[in-house]
Amino acid sequence: MSVTIEKGTILIYRVFDIGGEISLMKAAQLLSAVGGPRLKFPTDTRKAIIIKESPLKADLGTETLSLPSGKFPVRVFAKVWNYGVISVTLEMDIPAGTAWDALVRTAAELETSEEVDQIAGSRKDALKKQIMPAVENPAEWEVYEDYITYIVEKAPGIQDPHEFIKDADVAALILAEPRERLGDENRNFILESAIQYSTSDLAVIDWNSALLIEPDGQRDVADVIEFTLTHLLEFRYYDEMLGRKLDELYDTMEKKRESVINLFKDSYADIAADSSRKYMEFSEFLGRVENSLKTVGDPYLAVAFRVSAVEFHFDDWKKSISRKMETLAQISQILHGEVNTRRSHWLEIVVILLIAIELIPVGMELWKIFH
């Protein structure tokens, strides 16, 4: 059966880390000239979701996205998150009457489009320049996250979402694979992650993209996916930073061991202090991730968050960061022990010298007596 889309939207995400924490209050003041109301998640009985500090949302205007299949108008939005992240969204309408195969081809074009990166990057740069005074420790990471969410609101047969996804090749869309017919094992594996709140909606969330069937046009699940994506970037950032910091520590320790001049000073004191600071910083980040989103009365959004976290391998990133943090903590303890040992040695030397100085007059008197 041929599947066509009567109404739908494509959300194309690019997520950037631009530095340390961002003062959203100050950023809101800086953005007041162009708008940017604070995003508030709905708080009715279904959507009881709490973000510790809701992001700022800014409307960045429109663009024309050129793809091999044609030119598409897109609306550009950005969210500024207090933990140093800007997420840019290109919102593109699915033309009425679009066949599913054509949508899959569009997905493949979006996956390889350099223009998406250019548009998102330029809008991020402009926004970053505006809010720079609100950014603590600005230092942009060269790595960014990308993701695509497809939202279908109207389509023949959509009244029964499970039957709809049987007729539509969801796996081809999720994996942006227009040429090859995927095997049943791969197709079924992707569909196994489908979740539902009511009989009329459905969400298929994968590591690379998601399909949301939302007849009422709700964006709650899409917002949760975007939120989870920002934390994936933060996990990757801290994992990479920890690895780099450990490498620097190993190199610095080796150089200080080889340096003769360091025999006469506490060469590890500065490294130990830096290690302790980094450990506290990473610990604070993990605590912030754990506490930043809490679902209160909405099991559906809670499930969407957990599914996204599983697809983005949060547990693996946490384990990797935890292992490196344990190593960093051990190094800090060793270095502090080394510093204390050296200080004890210097104290012993000072005591011996003082005793020797006090014995000089006694020695001189004895020398006179015997000579």
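Which residue in S6 does Val-80 stand opposite?

A: Bear in mind that this is a predicted model. Val-80 stands opposite Ile-86 in S6. The two strands involved are S5 (residues 70-81) and S6 (residues 85-94), which run antiparallel and are joined by eight bridges.

Zooming out, S5 and S6 belong to an open sheet of seven strands, ordered S4-S5-S6-S2-S8-S10-S9, and the pairing is mixed. At the edges you'll find S4 (56-67) and S9 (202-205); each has a single partner strand, so one side of each has no neighbour in the sheet. From one strand to the next, the twist averages 20 degrees.

Now for the helix on the sheet. H3 lies across S2 (7-17), S4, S5, S6 and S8, and it runs at about 150 degrees to S4. Between H3 (114-131) and S8 (144-154) there's a loop that holds Asn-137. With a relative accessibility of 56%, Asn-137 counts as exposed, because the cut-off for that is over 50%.

Ala-176 also has a positive phi, near 50 degrees, and isn't glycine either. Ala-176 sits in the loop between H5 (170-174) and H6 (184-191). At 13% relative accessibility, though, Ala-176 counts as buried, because that falls under the 20% cut-off.

Key. Residues numbered from 1 in each chain as written. Predicted model: local features only at pLDDT ≥ 70, side-chain atom pairs only at ≥ 80, totals over all residues. Heavy atoms only, no water. Helix = DSSP H or I, 4+ residues; strand = E, 2+ residues; numbered from the N terminus. Buried < 20%, exposed > 50% of the residue type's maximum accessible area, 1.4 Å probe, protein only. Pairing = 2+ DSSP bridges. Axes fitted to C-alpha atoms, helices over the stretch in contact; angles between N-to-C directions. Contact = heavy atoms within 4.5 Å.
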